[in-house]
Amino acid sequence: MRAFAEHLGVAVRTVTKWEALQTDTSPRPDTQAILDTALSRAEADAKLRFELLLSGDTSLARIGSGGLHGRDGIERAAQSAADFDRLLAATAIDDPQVDWLCVRLAELATAYVHTPVQDLVHHIVQAQDLAFTLIRRGLRPRQLRDAYLAAGVGCLLLAAASQNLGHTAAAQTQLGTAQRCAEAADSHALRVWARGSAALTLEWGPTPVSALRFLSTPPPTLAPQTHRRALALEARISARVGDSARAHQALRRLDDVLDSAGSNDEVTSFGGIFTFPATKAVYYRAGAHDLLGEFTEARRHALDALDRYAAASTEQRSYGDMALTRVIIADTHLAQRDLDGAAAALAPLRTLNQHERIAQLPTAITRTHRLITTIAGTGLASSFLGDLMPPRRIGADSARSS
């Protein structure tokens, strides 16, 4: 007792009091700081014994401080392992909620393609909150990685929802967290999808060239759909910033993987919005040709995309992509000064309910308005587009990608 008091630098009567009162005493803040410092400097086995004593485990009396010699040493080591196992069980657990969380995220990812965003946001937030809670609670390494992956996927879903609802700053916050989750999980797939989604939010911003820094060639081990997405993004963004050579190179590479089949990676296995089927790639290709001024090719691919979506199941029809594909078709007609053809292409958009009019639509219509203005003036452009017209001034936080 005296030696312990001298080690701490406190009076012997203080240690005597602690021993007599046990848990019924609370050291003063300055004394507690001395104890915390002593514990931090203690050996690992002493810290383990301390943790186990706090948990009420009395088996520590069997753990001595001597070396490992013969049968006694082996038994002592086995007991030490058993005690450590109990400590792990108290601080890191297998939780069945992780698997059910991944199932729920897959359901939400599938519903996202064809369900109005407003109907899903609350459910996605709940799933993301559960992922964060499980990580904070403590999981075994295997499940912890799965939880980080689930948290990142939840962030990607909420980033897409934020974009579609016109909150780019919120989307970028979600994407930053998704990238950190990708690093924590060391997931190449989540890393590529998070960076690709970041490029998507920047594509129509004030400096779309900045989107290119987030694009990279996925590792060959990732799913063909992940490769299609990366190439489609590179083609359209390059076209938007005027890099025709890079856009055409990406389009040629996209042709090579357009109908490639293969196994899923950690992100595409969630399905729905986390897939990139050939239909979506064709829609992106149409947009790239449109931006390059190659209107015949743009219209051909846009009509192909609409035909593919029409033939797909209801769950695979992206109402957002279909709406923006019709805008591309209208723009190709306007490039040929064909107002009637443009009106026919835009007609289905007028019947969309408000929840299906994603925030990217007014931004896309801005270009359509400019094309009509060059043909017939501002007045006709406004009356021609009617309620499809974007707000007079698109705010800095409006959605930029699709």
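A: A pocket is an open set of grid points with protein on both sides within 12 Å along at least five of seven lines, and its lining residues have an atom within 4 Å of a point. The model considered here is predicted.

Q: Which residues lie nearest the centre of the second largest pocket, and how many residues line it?

A: Rolling a probe the size of a water molecule over the atoms shows where empty space is left. In this structure, 36 residues line the second largest pocket, and Val-113, Ile-273, Lys-280, Ser-318 and Asp-321 lie nearest its centre. Helices H6 (97-112), H8, H10, H11, H13, H14 (295-311) and H15 (319-335) each give two or more residues to this lining. The space in the pocket amounts to about 740 Å³.

Q: Which element gives the largest share of that lining, and what is the lining's make-up by class?

A: H8 supplies the largest share, five residues. By class, 18 lining residues are nonpolar, 13 are polar and five are charged.

Q: Is helix H10 mostly covered or uncovered?

A: A residue counts as buried when its relative accessible area is under 20%. By that criterion, 12 of the 15 residues of H10 are buried, among them Arg-191, Trp-193 and Thr-201. The cover over these buried residues includes H8, H9 (168-185), H11 (224-240) and H13 (278-291).

Technical notes. Residues numbered from 1 in each chain as written. Predicted model: local features only at pLDDT ≥ 70, side-chain atom pairs only at ≥ 80, totals over all residues. Heavy atoms only, no water. Buried < 20%, exposed > 50% of the residue type's maximum accessible area, 1.4 Å probe, protein only. Helix = DSSP H or I, 4+ residues; strand = E, 2+ residues; numbered from the N terminus. Contact = heavy atoms within 4.5 Å. 1 Å grid on protein atoms, 1.4 Å probe; cavity = no way out; pocket = protein on both sides within 12 Å on 5 of 7 lines; lining within 4 Å. Points joined across faces, edges and corners; volume = space filled by probe spheres on them. Nonpolar A, V, L, I, M, F, W, Y, C, P; charged D, E, K, R; others polar.
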